[in-house]
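Thanks for passing this one along.

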Amino acid sequence: AWAARYYSGEICDVAARVMLCLMDSLGEDPEPLSPASAFYTDIDLADFNDVHLLEAVEEEFKISIPEQDADGLLSLGQLIEYIHRRLCNLERKKLRD
């Protein structure tokens, strides 16, 4: 429901899964949040590098997010788009191999 309000297509699935990670790891209710919601002001995290959320996202998507990348992710939308790009790049790499 939350993801479909802001996204469509494949990225909608990514957004829904990110929101599940957020709810599971932090107990956040996603309804008042939007893609523009900032980790440090709207979600009450110092940054995306919050250990619980970072681990939950990496486990959910079977990816590793380098610290320098995580430091640049300031909002939910940036995180969702980052994961979508990473998954698309992994899929393209599989198709080439």
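1. A word on terms before we start: contact here means heavy atoms within 4.5 Å. With that in hand, look at Trp-2. Leaving aside neighbours within four places in sequence, Trp-2 is in contact with Tyr-7, Ala-15, Met-19, Pro-30, Glu-31, Leu-33, Ser-34, Pro-35, Leu-76 and Ile-80.

2. Some ground rules. This is a predicted model, in which local features need pLDDT of at least 70 and side-chain atom pairs count only at pLDDT 80 or more, while totals for chains, interfaces and linings use all residues. Residues are numbered from 1 along each chain as its sequence is written, and side-chain values use heavy atoms, with hydrogens and water left out.

3. The overall fold. The protein chain has five helices and zero strands, and from the N terminus the elements run α-α-α-α-α. Helices (H or I, at least four residues) and strands (E, at least two) are DSSP runs, numbered from the N terminus.

4. Size and shape. The radius of gyration of the protein chain is 13 Å, in agreement with the value near 13 Å for a compact globule of 97 residues; the radius is taken over C-alpha atoms, and the globule rule is 2.2 Å times the number of residues to the power 0.38. The C-alpha trace spans about 40 × 30 × 20 Å along its principal axes. Among contacts between residues at least 6 apart in sequence, 58% join residues at least 24 apart.

5. Burial. Buried residues make up 39% of the 97 in the protein chain. Here buried means under 20% relative accessible area, exposed over 50%, and partly exposed in between (1.4 Å probe, protein chains only).

6. Helix α2 deserves a look. Its 17 residues (10–26) should span 24 Å at 1.5 Å a residue, and the end C-alpha atoms are 25 Å apart, which agrees; the expected span is 1.5 Å times one less than the number of residues. Ile-11, Cys-12, Val-14, Ala-15, Val-18, Met-19, Cys-21 and Leu-22 are buried in α2, and the buried residues of this helix pack against α1, α3 (51–61) and α5 (76–96). Gly-27 follows α2 and has a positive phi, near 70 degrees.

7. The core. A nonpolar core is a set of buried Ala, Val, Leu, Ile, Met, Phe, Trp, Tyr and Cys residues joined through side-chain atoms within 4.5 Å. The largest one has 28 residues, and those with the most contacts inside it are Trp-2, Val-18, Val-57, Leu-76, Ile-80 and Ile-83. Two or more residues each come from α1, α2, α3 and α5, with α2 giving the largest share, eight residues.

8. Cysteines. How many disulfides does a search of the whole structure find? The search finds zero, a disulfide being a pair of cysteine sulfur atoms within 2.5 Å. For Cys-12, the nearest cysteine sulfur, that of Cys-88, is 14 Å away. The sulfur of Cys-21 is too far for a bond because the closest cysteine sulfur, in Cys-12, is 15 Å away. Cys-12 is buried at 17% relative accessible area, and Cys-21 is buried at 6%.

9. One backbone angle to check. Most residues other than glycine have a negative phi. Lys-62, though not a glycine, has a positive phi, near 55 degrees. Lys-62 lies in the loop between α3 and α4 (67–71) and counts as exposed, at 69% relative accessibility.

10. Ala-1 sits in the segment before α1 (2–6) and is exposed, at 84% relative accessibility. Ala-1 and Glu-31 are 30 residues apart in sequence and 9.1 Å apart in space, C-alpha to C-alpha.
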